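Here is a short briefing on salt bridges, chain contacts and fold. Please look over the sequence and the structure first.

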Amino acid sequence: MTTLSKLPLKKGSVLVGKWKGQQYRIESLLGEGANGKVFLVSKDWNWYALKIGADAIDLQSEINALKALAERNLSQNDNYLKDVDDCIMPDGKEYSFYTMRYVKGQDIPTYLEQNGQEWFPLLALNILRRLGQLHQAGWIFGDLKVENIIIAEYGHVELIDYGGATKIGKSVKQFTEIYDRGYWNSGTRCADSAYDLFSFATLCVQLFAPRKLAQATSDLIPQNRSIEELMSIVKSIPQLAHYEGWLLKAFHGQFRHGEEAAEAWRMLAHRRKAIVKSNKTPRWLKVLITVSLLSLCTVASIALLELGGLLK
Amino acid sequence: MKQILLITDGCSNVGMSPVVAAAHAKSEGISVNVIGVVDQGELGEYGSAEIHEIARAGGGLSRLVQTKELAQTVQMMTRKTVVQTIQIAVQKELQHVLGNHSIEALSPEKRSEVVRVMDELTETSELQVALLIDASASMRPKLASVEEAIYDLMLSLQAREGKSEIAVFHFPGAKHQEDCVNDLNWTTHLKGMQSIFPKLHMSGTTPTGPAIMSVVEFFTKQKAKSAHDLTEMDGIIGDNAI
């Protein structure tokens, strides 16, 4: 089996497609998935993400899933998948690659850290809507986890790494243990929309209590992993209090598909108390309040003085 | 499709070479995968070399992992080997039809179609996995994790469309002349099963080679039936792939 560890791709090197001849300039390494490495590349002043695979067949299988989704018009505004080709390295080895739309963004924890936790309900809703679109097309995402979600400006959600994308009814191609309902003794590994929703619910737990979740996976003996254990962590997370009922339904696979789940989430999120309170009042607000209080005092004292003057 | 998955933590020390035994398995159309469980690195250089050699001779994969990674490794390795077996069959078929061609040499459009068919076969082909567990004394603390991995594998296999069966063996047996013991005959589910290894007598020897041979024999007993299945699968590939 070929490995990608010694791939001679540095910033500035140019990669040429064997079949279509497109040229891409490597800018930086974006990340590494189960099936390959993802680079930021440029071509004609545009940025793309380029995934290069160690195994042509694994990568092709992923490309096929992306193509099937593209045919159903699922790629939001413009096409996610741009180009598919092979390239020959200086050492004579051939690798397959594909390019996709590049979305500049952050992972969810970083986004929430920088922009505030009140964004959480919206990010969650956007993820659920995206899953809903996939389910409607007859697919599930499969390997939903923190690492496979990018958040761009204003909570725009992009799912990346479709290596786990599976047609509904087939066996889930790729998954990560802690997000897998089979691992929690709570269902099969047959692809259905409830599979993604279970992973999504676990993702919510992972976002707010990563340590407790990791602790549970190492402490519990396999037979005792259960929805009850997951729910007991949920109950300790104040940010999820409002969504407890929803999460319980998701864990038990009681939503018919992603769209129904998204709609139920939206209803909850739009109720006022749903808004996750940030831990502290922002400083600018404090300053404003102080200023307004001070001016109020000044106005009041002047008024009092004047009143006193008038009374005299 | 037939696989043996050997889970061990040490070197063989009795009887025929496990590498030769694995080569026998391969010639019977059975892939041999090997997982070495190394928690404190007790396997040593010789042991890990043996593990990789067995898998090479058996046309399978090998990996050294920690006990906690066992379940995921078993599941992934089994799946990868199914893919690989189909890949080899398709490759052969392509060579037959197109001359000196590999899947990688096809244009992206053609490759896309071939891989689609391969994915379909990966999902629908019949599969038998015989798990062969080293139950020598040093493995005792790891057997709970091995059992967990077996349950987990069954769960993944049950999600496939094709019929999937597992059987479980451990070695060495209690009596001296016994190379390996069949704990569980071919089954498609583990419902109601209390424990796969109820009470084991752990002895000091590790007859890996002879144990592999016994499992190969177990497979070949039902050869007449599966020879028929194999020609059927060749037919599917021949019709759809090209």
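**Salt bridges, interface and fold**

Asp44(A) and Lys43(A) join their side chains in a salt bridge, at 3.4 Å from N to O. A salt bridge here is a side-chain nitrogen of Lys or Arg within 4 Å of a carboxyl oxygen of Asp or Glu. This is a predicted model: local features need pLDDT of at least 70, side-chain atom pairs count only at pLDDT 80 or more, and totals for chains, interfaces and linings use all residues. Residues are numbered from 1 along each chain as its sequence is written, chains are lettered from A and ligands numbered from 1 in the order in which they are written, and side-chain values use heavy atoms, without hydrogens and water.

- Asp44(A) is exposed, at 56% relative accessibility, whereas Lys43(A) is buried, at 16%.
- Buried means under 20% relative accessible area, exposed means over 50%, and partly exposed lies in between (1.4 Å probe, protein chains only).
- Asp180(A) forms a salt bridge with Arg189(A), with the closest N and O atoms 2.8 Å apart.
- Asp180(A) is buried at 0% relative accessibility, and Arg189(A) is buried at 2%.
- A network of salt bridges links Lys11(A), Arg25(A) and Glu27(A).
- Over all chains, the whole structure has 23 salt bridges.

**Asp86(A) and its surroundings**

- Asp86(A) forms a salt bridge with Arg111(B), with the closest N and O atoms 2.4 Å apart.
- This pair joins two chains, because Asp86(A) lies in strand E5 of chain A and Arg111(B) in helix H4 (residues 108–124) of chain B.
- Helices (H or I, at least four residues) and strands (E, at least two) are DSSP runs, numbered from the N terminus.
- Both Asp86(A) and Arg111(B) are buried; the relative accessible area of Asp86(A) is 2%.
- Beyond its neighbours within four places in sequence, Asp86(A) is in contact with residues including Trp19(A), Phe97(A), Glu104(B) and Arg111(B).
- Contact means heavy atoms within 4.5 Å.

**The interface between chains A and B**

- In chain B, 29 residues are in contact with 28 residues of chain A.
- The two chains bury about 2,400 Å² between them, 50% of it on carbon and sulfur atoms.
- Buried area is the accessible area (1.4 Å probe) that two parts lose on being put together, summed over both.
- Pro108(B), Arg111(B) and Leu155(B) supply 21% of the area that chain B buries against chain A, more than any other three residues.
- Seven salt bridges are counted between chain B and chain A.
- One of them joins Lys170(A) to Glu161(B), with the closest N and O atoms 3.0 Å apart.

**The sheet in chain A**

- Chain A has an open sheet of six strands, in the order E1-E2-E3-E4-E6-E5, with antiparallel pairing.
- Strand E1 (14–16) and strand E5 (81–88) are the edge strands, and each pairs on one side only.
- Two strands pair if DSSP finds at least two bridges between them.
- Strands E4 (residues 46–53) and E6 (residues 94–101) of chain A pair in the antiparallel sense over six bridges.
- Ile52(A) has Phe97(A) as its bridge partner in E6(A).

**Chain B overall**

- Chain B has seven helices and six strands.
- From the N terminus on, the elements of chain B run β-α-β-α-β-α-α-β-α-β-β-α-α.
- Of the 242 residues in chain B, 53% are buried.
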